[in-house]
Amino acid sequence: MTRYLVRRLLQTIPVLIIISIIQFGLINAAPGGPLKAYILDPNVDPEDIKRLERDLGLDQPLPIQYLVWMGNMLTGNMGYSYFTHRPVLEAVLERLPATLELGIAATLISYIIGIPLGVYAGLHRGGRIDNVIRFFLSILNAVPHWWLGLLAIILLANIKLATGVQILPIAGMKTLGREEFDPLDYLWHLILPAFMLGTTGWVGFGRYMRSETLEVLGQDYVRTAYAKGLAQRVVVFRHILRNALIPVVTLSAGLLVGLISGAAIYEQVFSWPGMGRLLLDATLKKDYPISIGVVFVFTILAVVGRLIADLAYGWVDPRIRYD
Amino acid sequence: MTTTQSKTRAAADSAYALEEALRGPSRSFWQDAWIRFRRDRLAITGGLVFFFLCAMALGAPLISQYVTGYDPDRINLRENYQPPSVTHWFGTDEYGRDYFTRIVWAGRISLAIGFMVAIGSVVIGVALGLISGYFGGKIDDFLQAIVNIVAATPFLPLLIIVGSLIKLDWLGVAFLLTILGWTGELRIVRGQVLSIKQRDYVLAAQAIGVKDRRIMFQHILPNVFSIVLVILGFDIVGAMLTEAGLSFLGFGVQPPTATWGNMLSNALSYATRNPWLVFFPGLAISLAVFSIYLLADGLRDAMDPRLKR
């Protein structure tokens, strides 16, 4: 187990190195280079810029610059914003909780809706409800979910216009101007974005759990369980669900990477103040240190998430050995 | 040829003729698949809808000229924000451009990106997958490392940065998506090749000294072809959805070139009062994706009935 963990951690190193090289290349490809903020500022003497370049090592060859930059990134010094001059790490980490909150809520919703839906459809294969579930899941599977989010927002906004009733808030994490922490207000704002972001997950899990349930239903141990007279509930929970759930753990890693990759779109749609929005705002302003910082943190989250999923896979399925 | 041999041959021939007379001529793999596919009404519907969408995209100039009578870029401010009607099927946008005509033209770009990325990914992925699976060893390790790196990259955020550094046209978007897209094919083709190369007929070919290239292309490739055809469908979908997302955020294909994605982005500012501006481009994407899914599922079931659930 420890050996496996060490090997996996070692495997992630080249991944991070290559991605960091790409990111470093992007910073240097950015017009103006890393000192753009100062070059644009008329109050800064060109002599000072030269001196800064020397001090920061920007006159060094690129490979050496890369090593220095990488060392800085790893020690948490990700540079400064071109515009606010705040440390990048601080600006990025400030947005991390919002993204995590939305991502975790969406994942929970994926499980809560997707798994029962899929198991129910699988247990009632060919019935009318199964057909309805299958029909809707396959249509929802083909629809861009952020577009559904847009439609939901338009619908709610029009209901508000017509009747004055705000069924659910459609933008932001909390009511604007409310300073004190109000958990109910946060939860209230979370419902729509989390449900919409979770659609990707619960539609996927629903379809997957249905076919997985059918697979398990055909196994001898399920027939045995029924044959020895166990109640339906016991068979479903103890024999079917537990085995059908195993691959869901692996799928969760894919879901996580997808949620991170899609965060920018959903946070844009729902005006959610997370890292995806930060990435968009920074990139539009060409504040590249921030953009790169966000992608760096995204990458680490994705790599760590996949690692956790791989370990969890072995934990839920004891037949899997790590060696 | 000795008489015994020719007698045996004659006997075999007549046995074969008898069998053929009883069962009809033996059917090839593709004939079998076609017969199964024809029975699958959902897949046929999906295929027809997708064909129809492609035909509309290809025939966009004809539709402009003969069906709707509008130019996709003609501005007519006196007719802006029209709801859907007989004269404007999908309404008009903020410049009074006919929305249906624009969606048809946008489909050209969105579908072209889908096809280009899918074909590019399949060519690269299949070639490297064959090499990776067949030869194994160092090449395999190297390609696997690349696959892992690309799989771990949150690529939409990366594309956003690239899209802000370079103003992308649709070919640029297609190129970038291809670079990030072929690893899925490699993984699947490699897995197939690993199992196929254990079969006896490959061993037999190797034993009589057939060249590696010939084994890969003549004995292994035809056997992974059916799965490649199915992935091709899913690749078109993936590329179209990513393009839509990227263009929606404003970092993909830039206006005035319309794609289904950047039409959505543009429509957002006027969405509350003019919901059809958001509804129709998304509907077009969904219809294309859904029809491809039906078609691809049908192809998979037709070509490999064991996979059917």
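**View 1. Chain A, contacts along the sequence.** Take the contacts in chain A between residues at least 6 apart in sequence: 70% of them join residues at least 24 apart. The model is predicted. Chain A has 13 helices and zero strands. Read from the N terminus, its elements run α-α-α-α-α-α-α-α-α-α-α-α-α. Its C-alpha atoms fill a box of roughly 85 × 65 × 35 Å along the principal axes. Of the 323 residues in chain A, 34% are buried.

**View 2. Helices α5(A) and α11(A) pack against each other.** Helix α5 of chain A covers residues 88-123. The axes of α5(A) and α11(A) are 11 Å apart, and the packing angle is about 135 degrees. The crossing of α5(A) past α11(A) is right-handed. On the α5(A) side, the contact is made by Thr99(A), Gly103(A), Ala106(A), Thr107(A) and Ser110(A). On the α11(A) side, Leu255(A), Leu259(A) and Ala263(A) take part. An α-helix has 3.6 residues a turn, so residues three or four places apart point the same way. The residues of the contact of α5(A) with α11(A) divide into four nonpolar, four polar and no charged.

**View 3. Ser271(A) sits in a loop.** The loop lies between α11 and α12 of chain A. Phi of Ser271(A) is near 45 degrees. That is a positive value in a residue other than glycine. Is Ser271(A) buried or partly exposed? Ser271(A) has 13 other C-beta atoms within 10 Å, so it is partly exposed. A buried residue would need 20 or more.

**View 4. Chain A meets chain B.** Here, 40 residues of chain A are in contact with 32 residues of chain B. Several helices of chain A each supply at least two residues of the side that touches chain B. They are α1 (2-29), α6 (128-142), α7 (145-163), α8 (183-217), α11 (246-269), α12 (275-284) and α13 (288-316). Which helix gives the largest share of this side of chain A? That helix is α13(A), with eight residues. The residues of the side of chain A that touches chain B divide into 29 nonpolar, nine polar and two charged.

**View 5. Helix α12 of chain B is mostly covered.** This helix spans residues 260-267 of chain B, and eight of its eight residues are buried. The buried residues in α12(B) are Trp260(B), Gly261(B), Asn262(B), Met263(B), Leu264(B), Ser265(B), Asn266(B) and Ala267(B). What covers them? The cover includes α7 of chain A. It also includes α5 (99-135), α11 (212-248) and α13 (276-303) of chain B.

**View 6. Leu159(B) is a buried residue in a helix of chain B.** Leu159(B) lies in helix α7 of chain B, residues 155-165. Why does Leu159(B) count as buried? Leu159(B) has 24 other C-beta atoms within 10 Å, and the cut-off is 20 or more. Leaving out residues up to four places away in sequence, Leu159(B) touches Leu176(B), Leu246(B) and Phe251(B). Ala284(B) is 125 residues away from Leu159(B) along the chain. The C-alpha atoms of Leu159(B) and Ala284(B) are separated by 24 Å.

Technical notes
Residues are numbered from 1 along each chain as its sequence is written. Chains are lettered from A and ligands numbered from 1 in the order in which they are written. This is a predicted model: local features need pLDDT of at least 70, side-chain atom pairs count only at pLDDT 80 or more; totals for chains, interfaces and linings use all residues. Two residues are in contact if their C-beta atoms, placed from the backbone, lie within 7 Å. Helices (H or I, at least four residues) and strands (E, at least two) are DSSP runs, numbered from the N terminus. Ala, Val, Leu, Ile, Met, Phe, Trp, Tyr, Cys and Pro count as nonpolar, Asp, Glu, Lys and Arg as charged, and the others, Gly among them, as polar. A residue is buried if 20 or more other C-beta atoms lie within 10 Å of its own, exposed if 12 or fewer, and partly exposed in between; C-beta atoms are placed from the backbone. Axes are lines fitted to C-alpha atoms, for helices over the stretch in contact, and angles run from 0 to 180 degrees between N-to-C directions. A crossing is left-handed if the near helix is turned anticlockwise from the far one by less than a right angle, and right-handed if clockwise.
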